Amino acid sequence: MRTRVWIAAAVGLAAAAVLLVQWCDVRVRTASAPHLVDHAAQVPLNRVAVLLGTSARARGGGPNLYFTHRIAATVELLRTGRVQHVLISGDNRHSSYNEPMDMRRALMAAGVDSARITLDYAGFRTLDSMVRARDVFGQPGFVVVSQRFHNERAIFLARRLGIAAVGFNAADVPAGYGRLTMLREKLARVKLHLDLWLGVGPHFPGPPEPIRFPQG
């Protein structure tokens, strides 16, 4: 009898966990949809694009397509005049891993002037990137550049925090390429709701370092 009770309880908890993941996923996708665009011409004019960091290399050592496509999307925004400046927000957890610097090099190799690039080395999480773009770098609104699945979470979070952010969706990767990434994303959406409920802030909240734009 006791075994049956435990089994029933375990099944109930598993079902509840699945429903929670699905609810968080649907809520993030639905709420962010009006603020996401796929074409540069649809992006509202903004001064700054926040480019969300990722590794330049995939696990197998080859080029990371998430990285490659985000760089291409950012270059397109600059080329078409939808934004003037890029804030690269990523992880610099140790000297041999530096997402912002790798992305800066890739942008400059694509012809972007270094004067149009600012680096945020403390973008350890999407939450950190959104809050620091506003509070540290002085941007109450901006364009977020990443793949759609990531932009959905970033924009949902930003909008809940009163940030006027829109997402420009970089090209996605082939089916199967990012299966593990998508699984992590489902769980990250649950964590997002928990962070908002608890009022979690960035690991490093300051001091202010407002982006300075050229005069004229």
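In this predicted model, the axes of helix α5 (residues 148-160) and helix α6 come within 10 Å and cross at roughly 5°. An angle under 35 degrees counts as roughly parallel, and α5 and α6 are therefore roughly parallel to each other. The structure holds 14 salt bridges, and one of them joins Arg-153 to Glu-185.

**Packing of α5 and α6**

- Two packed helices are described by the angle between their axes and the distance between the axes.
- On the α5 side, the residues that meet α6 are Phe-149, Glu-152, Arg-153, Phe-156, Leu-157 and Arg-160.
- On the α6 side, the residues that meet α5 are Thr-181, Met-182, Glu-185, Ala-188, Arg-189, Leu-192, His-193 and Leu-196.
- Helix α6 covers residues 179-198.

- Side chains of opposite charge can pair when their charged atoms come close.
- Arg-153 and Glu-185 form a salt bridge through their side chains, with an N to O distance of 2.8 Å.
- Arg-153 lies in helix α5 and Glu-185 in helix α6, so this pair ties together parts that are 32 residues apart in sequence.
- Glu-185 also meets Arg-189 in a salt bridge, at 2.9 Å from N to O.
- Arg-189 and Glu-185 both belong to helix α6, where they are 4 residues apart, about one turn of the helix.
- Are the residues in these two pairs buried or exposed? Arg-153 is buried, with a relative accessible area of 14%; Glu-185 counts as buried at 4%, and Arg-189 counts as buried at 2%.
- Which residues are linked in a network of salt bridges? The network is made of Asp-25, Arg-29, Asp-38, Arg-148, Glu-152, Arg-153, Glu-185, Lys-186 and Arg-189.

**The Arg-134 and Asp-135 pair**

- The side chains of Arg-134 and Asp-135 meet in a salt bridge, with N to O at 2.6 Å.
- Arg-134 is partly exposed, its relative accessible area being 26%.
- Asp-135 is partly exposed too, with a relative accessible area of 40%.

- Phe-67 lies in helix α2, and at 8% relative accessibility Phe-67 counts as buried.
- Not counting residues up to four places away in sequence, Phe-67 touches Thr-54, Ser-55, Ala-56, Asp-102, Met-103 and Ala-106.
- Phe-67 and Ala-15 are 52 residues apart along the chain, and their C-alpha atoms are separated by 36 Å.
- Leu-78 is placed in helix α2 (residues 65-79), and Leu-78 counts as buried at 9% relative accessibility.
- Leaving aside neighbours within four places in sequence, Leu-78 is in contact with Val-83, Gln-84, His-85, Val-86, Val-112 and Arg-116.
- How far apart are Leu-78 and Arg-116 in space, C-alpha to C-alpha? The separation is 9.4 Å, for two residues that are 38 residues apart in sequence.

**A buried aspartate in a loop**

- Asp-91 sits in the loop between β3 (85-89) and α3 (99-109).
- Buried means under 20% relative accessible area, and Asp-91 counts as buried at 9%.
- Which residues is Asp-91 in contact with, leaving aside its neighbours within four places in sequence? These are Tyr-97, Asn-98, Glu-99, Pro-100, Tyr-121, Gly-123 and Phe-124.

**The end of α6 and the segment after it**

- Leu-194, Trp-197, Leu-198 and Val-200 make a nonpolar surface patch of about 450 Å².
- Val-200 lies in the segment after α6, and Val-200 is partly exposed, with a relative accessible area of 33%.
- Pro-207 is found in the segment after α6 as well.
- A cis peptide bond joins Gly-206 and Pro-207, with omega at about 0°.

Key: Residues numbered from 1 in each chain as written. Predicted model: local features only at pLDDT ≥ 70, side-chain atom pairs only at ≥ 80, totals over all residues. Heavy atoms only, no water. Patch = residues over 30% accessible without salt bridge, like charges linked within 9 Å, V, L, I, M, F, W, Y side chains within 5 Å. Areas by Shrake-Rupley, 256 points an atom, 1.4 Å probe, with all protein chains shown as cover. Salt bridge = Lys/Arg side-chain N within 4 Å of Asp/Glu carboxyl O. Helix = DSSP H or I, 4+ residues; strand = E, 2+ residues; numbered from the N terminus. Buried < 20%, exposed > 50% of the residue type's maximum accessible area, 1.4 Å probe, protein only. Axes fitted to C-alpha atoms, helices over the stretch in contact; angles between N-to-C directions. Parallel < 35°, antiparallel > 145°, perpendicular 65-115°, else oblique. Contact = heavy atoms within 4.5 Å.
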